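Try each one yourself before reading its solution.

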Amino acid sequence: MSGAVVSPSPIDDHASHRVFAATTDTWDHRRTTVGVSLICAWAARRGCATSTLLRGTGITAEALADPEHLIEAQQEIALIRNFLRAFDNRPGLGVEVGRDYHLTAYGYYGYLLMTCSVVSEMLRLGLRYSPLTFAFSTIHGEFRPGGRWALTLRTDNVPDDIACFVVERDISASLQMQRELFANSSEEPLQEVHFERDLPPVDAIARYRKVFGVPVLFGQQRTELVFDEDYLNWRLPMANEHTEAVIVEHCERLRAERIRPGGVAGSVRAHLMTLPTLDRTLDECAADLNYSSRTLRRCLTREGTSYREIHDDVRRSLAHDLLRDTSLPRTQIAQRLGYRDWSSFTRAMRRWGDPQRSS
């Protein structure tokens, strides 16, 4: 593969960029210490003491060694700031560190990607369960003109001082996982890599070349991996629909635990979970919780979500649980989820693209 780094070229803003998959949760969720432990291990190999990176983060050495211990996103941000200070925030740090984020670092999430049937499904589920990763980026899959598609990463509401590092790490880690999924393939679907950041110093360019091995363009309007469109139809070598269905259930539960929304969004979610049916409008929910509809809508917007998003998320989570109970009548499942009948529910499942949907 050619690894040339080329100078900036314009992106056609008038071209159609149709989104076909996207993350639905913000980056401010709990995550395991595995992500920060990888940063610490990378730094230790280069002579930086782990204690230096842990200083002021509230993360103990014991927690760092526990792969099930959860930390807040703000704690990881504090550690990243220590890391960037220790290494003078040099360009390309993120893409180098991201190479250490192997599939095995993600637990159930890594297994889920492995069991998907094709890349398009892997992308859809991968973005839905992004709270099981260490990403800070908001990620979209977008079709592009000329038979291509792009995995676009934005740093929405990420602190400016760490934004460049985390988006570099996220884009590098994403590519690392994809390449591991197709480790035995001789084809390279990746065409180009685009960065919004300015062209780095000459001595840093080799870091990008080594990681990506394809043309890397700087000064672009988006940070993204650009692939051949045919790549979406590639079949995963270890696909298994039965194992996938089991792991989706685990991932759904873990996601609910990780995002654990507080504030008004948390109250709405908890209330919906207690209702005998999800056939409940925003106005009705607002009245239940002693809010005006306008106030509830405004509060949810301020927390970065909406009633529809929460309602849909609760509905999907409950669907996974209810479908496991084979003793429940179909009509009862549909009514609990707020649908008039079973056929309405199955149509919704087809729209979700859910692997457990009924035929």
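A disulfide here is a pair of cysteine sulfur atoms within 2.5 Å. You're looking at a predicted model, where local features need pLDDT of at least 70, side-chain atom pairs count only at pLDDT 80 or more, and totals for chains, interfaces and linings use all residues. Residues are numbered from 1 along each chain as its sequence is written, and side-chain values use heavy atoms, with hydrogens and water left out.

**Exercise 1.** Find how many disulfides there are in the whole structure.

Solution. Searching the whole structure turns up 0 disulfides. Take Cys 251: its closest cysteine sulfur, in Cys 116, sits 9.3 Å away, so that's too far for a bond. Cys 251 is also buried, at 0% relative accessible area (buried means under 20%, exposed over 50%, partly exposed in between; 1.4 Å probe, protein chains only).

**Exercise 2.** Work out which strands pair with β9.

Solution. Strands are DSSP E runs of at least two residues, numbered from the N terminus, and two of them pair if DSSP finds at least two bridges between them. Strand β6 (residues 148-154) runs antiparallel to β9 over 6 bridges, with Leu 153 opposite Thr 223. Strand β7 (residues 190-194) is antiparallel to β9 too, over 4 bridges, and there His 194 faces Glu 224.

**Exercise 3.** Say whether Arg 31 is buried or exposed, then trace its side-chain polar contacts.

Solution. Arg 31 lies in strand β3 (residues 31-32) and is buried, at 0% relative accessible area. Its side chain makes a polar contact of 2.9 Å with that of Glu 76 (N or O atoms within 3.5 Å; within protein, one able to donate a hydrogen and the other to accept it, and residues adjacent in sequence count only if both atoms are side-chain atoms). The Arg 31 side chain also reaches the backbone oxygen of Phe 134 at 3.3 Å.
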